Amino acid sequence: MGIALSPGQALAQRAVTAFASLSVAEHRVEAGYGVERAWGAILGGGASLRLGTRVELGLRVQGGRLNTSAPGAVDRDVGEVGLEADVRVVPWVTFRVGARRRTYSSVIARQGWTMVDVGPEVRLAFARGTISGVTRVALVPVVSVSGLPRPDVAVTGATGLQFRRRGLTLGTLYSLERYDFPADGAIARVEQLAAVTLRLDVGLGRR
Amino acid sequence: MKHLVLLLGLTGSMVPRLGAQGSTQDLLQQASEFYERLDVERALPLLRQIVSPNWPFEVTSGQRVDAYKYLGACLALVGKRDSATLYFRAAVERDPFADLDPAIFTPAQLRLFGEARRLTFAVAVRPVAPARIDPRTQRLTFAVVTTHAGSVEIALRPVSSDSAVSLFRGVNDGPRDVAWDGLLADRHLAPPGRYELRVTGSSQLLRRADSAVIYFEIRHEIAPLEDTLPELTARDLLPEQLSKSAATRDLLRGLGVAGAALLISDVLASRQLGGSLKLGSAAVAGTAVATGAVAFAGDRRHPAIPGNIVANARRRAERAGQNAAIRGRNAAKTAATVLLVTPAAGVGP
């Protein structure tokens, strides 16, 4: 959920791109009481602006509800706003820097996450350029979670396909975020958010 | 006075160039003055000196022909018709273009001169003068003459070829101008080079034949032609077929995405949490494998790249169009070729 698809090369011909996404997400937390699993659908949307041929800026908003059946656990809402900057190094490699603010809300608590991630994205076209395979990994060097210390391990990864046709890009992506927090006594907290996202990008033309 | 005019008319074109020529010219002038005063007895020795092999000074062809014509005219005046005819023939043999002006010479002299022409058969052609001929609108004219009626053929050919174009074939009596349009027998414009104009004739009165040849040089004056565009090479064109490795590459890329999905869900995910939406990663991996396989099969079955084929066809058409335009402009320039004609001495420099 934390990583969104970026517009493909064909759409990069257009300066402004809007997108909508639907994710099926699974949130797993181990905080010493067994694994607490919650999952649900997350809707998202946003836009990106291409500056020249190498730089692209993006804004993303998404939100949804994660339900759980674990004993003692409560359902929660998740909402996120993110900014991304992509710099294309070579036609098939892009470096990305992203900053996100995520909030988990339940009837009993509200937890805010602030994250900055950095990492490369590799994009290889095949099927005569109509399809691209996208794979990216990123470190999250800046993580601030309310009520929790800074995690020792914070990484994200994602991979998937993008199909382009006539200014539209349909993408499917599997993504995973993992955060291992330092042990508090004998208990080490681990959180993981995995998602499968379906995203549609629409080129809006030049600005 | 009539004879003085004659003399001036005959000698007016003779411009003294050398001292020797001046001596000959002086003697010719004296002879003409005697002839003018009808003092034929004093004119004849002077004229005979000029045509004598012992005359020490240079005598131009024109002066010699004039001397013979005066000798003939003088002898005609004193009634020596045979001798007059003999000298008139000598004049005609040396210059078949030689003639007597009917307004100046007496009918008896003209009659004897005509008799001399009938007794002598010769053909001649004047050397060409330097000229600039546009074959579309102009002609190169050759001046040809026969001393009396004869069958004549006038043929022109490049000295490097035996293929001649016939400019005239028929009976001719006297001077004739023959025009040439600059084309050879194959109806193509005469290429640059040296050319020969040969006049052959046989008398219809005598059992005699004669020929004359002149040479001239032709050069082309033409605006510089443009080069056509070179053939398109493989570097100029897009590949129209996928390589065999492209299909394999597509399959590998699909497998690569699938592998990445499985790695993320297995390696990047925390084992402690016991799961990572594996169904989702399997779905993405399966989609990637299927896509790679379909792309692989499609590349193998239909290796043509239609977009590139169309783009290459457009480039070829553009090049063909540009070359057609260049050829058209070159054809227009070639059609406007001008022939530069200069006289030449022989078959070669």
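**Notebook: chains A and B**

I began where the two chains meet: the contact takes 26 residues from chain A and 28 residues from chain B. On the chain A side, I listed the elements that give two or more residues to it: β1 (16–30), β6 (110–126), β7 (131–145), β8 (153–165), β9 (168–180) and β10 (190–205) of chain A. I then sorted that side of chain A by class and got 14 nonpolar, 7 polar and 5 charged residues. A reminder to myself: this is a predicted model.

**Chain B as a whole**

Next I looked up the make-up of chain B. I found 9 helices and 7 strands in chain B. The chain has 349 residues, and 30% of them are buried. Taking the contacts with a separation of 6 or more, 71% join residues 24 or more positions apart.

**Helix α6 of chain B**

I picked one helix to follow, α6 (residues 107–119) of chain B, which has 13 residues. From its first C-alpha to its last, α6(B) reaches 18 Å, close to the 18 Å expected at 1.5 Å a residue. Which residues of α6(B) are buried? I noted Q109(B), L112(B), F113(B), A116(B) and R117(B). They cover an arc of only 150° around the axis, so they sit on the same side of α6(B). I recalled a handy rule here: an α-helix has 3.6 residues a turn, so residues three or four places apart point the same way. Then I asked what covers the buried residues of α6(B). The cover includes α4 (61–77), α5 (81–94) and β3 (140–158) of chain B.

**A glycine in a strand**

My next stop was G201(B), which I found in strand β5 (residues 193–203) of chain B. Why does G201(B) count as buried? It has 27 C-beta neighbours inside 10 Å, and the cut-off for buried is 20 or more. Leaving aside neighbours within four places in sequence, I found G201(B) in contact with V123(B), T146(B), G150(B), S151(B), V152(B), A209(B) and D210(B). I also looked at G201(B) and R169(B): they are 32 residues apart in sequence and 9.6 Å apart in space, C-alpha to C-alpha.

**Strand β7 of chain B and its partners**

Last, I looked at how β7 (residues 338–344) of chain B pairs. Strand β2 (residues 131–133) of chain B pairs with β7(B) in the antiparallel sense over 3 bridges. Within that strand β7(B), V341(B) is the bridge partner of A131(B). Strand β6 (residues 209–221) of chain B also pairs with β7(B) in the antiparallel sense, over 7 bridges. For E217(B), I found the bridge partner T342(B) in β7(B).

Key: Residues are numbered from 1 along each chain as its sequence is written. Chains are lettered from A and ligands numbered from 1 in the order in which they are written. This is a predicted model: local features need pLDDT of at least 70, side-chain atom pairs count only at pLDDT 80 or more; totals for chains, interfaces and linings use all residues. Two residues are in contact if their C-beta atoms, placed from the backbone, lie within 7 Å. Helices (H or I, at least four residues) and strands (E, at least two) are DSSP runs, numbered from the N terminus. Ala, Val, Leu, Ile, Met, Phe, Trp, Tyr, Cys and Pro count as nonpolar, Asp, Glu, Lys and Arg as charged, and the others, Gly among them, as polar. A residue is buried if 20 or more other C-beta atoms lie within 10 Å of its own, exposed if 12 or fewer, and partly exposed in between; C-beta atoms are placed from the backbone. The expected span of a helix is 1.5 Å times one less than its number of residues. The arc is that of the directions from the helix axis to the C-beta atoms. Two strands pair if DSSP finds at least two bridges between them.
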